[in-house]
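Q: I'd like to learn how to read ring contacts in a protein model. Could you walk me through them on an example?

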Amino acid sequence: MAKGAKITYNFDEHTEDEFYKAAKLIFNVLTINLGVFTGIPMDLAVFIKLIGTYDDTRTAPFYKGIGANISAARTAVQTVITENGTWLNNFCKGDLTLLNKTGYPLEKDSVAQGKLDQTIVILSLLKVNGSIGFLISHLVGKTIKYGVKYTLTTNLETNPAKWEGFFYAAGQRDGIIADLTSKAEYKFSSFGMGTDRDITYSEPVIITPQ
């Protein structure tokens with residue numbers, strides 16, 4: 001028995017795919033060992049339904065507002081993970097044999113975030129003239145904000161860091177950029193902003209708004 005050992009239920013740094021796999025693993029392992037953990041607060045039948053809804057939402061074709069819907073579905077799953085995880089830590093009292101039967105990862109010391117990976121930005125044409133929709137890929141890490149830089153393709157500068165005049169600070173990973181010149185060709189590049197000052201820009205994507 002390792003005193004002080006705990007499971008972690010904070011999956012903020014997981015990508016969507018990693019989060020889904022972690023949730024499924026927890027469900028599968030807990031289902032096998034449910035008899036050990038009598039009194040677990042959140043029903044596993046409800047848990048697996050929420051996981052299914054999350055998976056359907058995150059894998060759906062792009063549409064306006066999909067980022068917010070993915071976030072809401074993920075939060076619903078995370079709520080169950082957190083409540084059961086808190087209960088399991090109290091129940092197991094540091095016993096590694098019990099903790100390893102939960103499907104949750106063991107708590108580890110935090111590490112520095114470091115330089116963020118490159119993102120991918122997906123663009124979509126909207127019916128509103130001069131507007132486009134965007135979805136930025138998820139980055140692993142906490143306190144990450146996202147941004148989009150864009151310019152007309154007549155700007156021959158290839159380094160997005162040197163594009164001037166157009167910048168969109170994204171409150172979330174999806175949204176709409178409006179007030180573009182209709183029928184003009186633009187190039188867009190997304191990026192993540194974390195604790196490291198060194199920014200990595202995505203490969204530019206070209207689109208012509210209606």
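Q: How many aromatic pairs are there, and by what rule?
A: Rings of Phe, Tyr and Trp (its six-membered ring) pair if their centres lie within 6.5 Å; planes under 30 degrees apart are stacked, over 60 edge-to-face, and the rest tilted. Here that gives 13 aromatic pairs. One of them is Tyr150 with Phe188, stacked at 5.0 Å centre to centre with 20° between the planes. This is a predicted model, where local features need pLDDT of at least 70, side-chain atom pairs count only at pLDDT 80 or more, and totals for chains, interfaces and linings use all residues. Residues are numbered from 1 along each chain as its sequence is written, and side-chain values use heavy atoms, leaving out hydrogens and water.

Q: Which parts does the pair of Tyr150 and Phe188 tie together?
A: Strands (E, at least two residues) are DSSP runs, numbered from the N terminus. Tyr150 sits in strand β3 (residues 145-152) and Phe188 in strand β6 (residues 186-193), so their pair ties together parts 38 residues apart in sequence.

Q: Is Phe188 buried or exposed?
A: Buried means under 20% relative accessible area, exposed over 50%, partly exposed in between (1.4 Å probe, protein chains only). Phe188, at 0% relative accessibility, is buried, and Tyr150 is buried too, at 9%. Phe188 also pairs with Tyr186, tilted this time: 6.1 Å centre to centre, 45° between the planes.

Q: Which residues do ring pairs link into a cluster?
A: Tyr150, Phe166, Tyr186 and Phe188.

Methods
Helix = DSSP H or I, 4+ residues; strand = E, 2+ residues; numbered from the N terminus.
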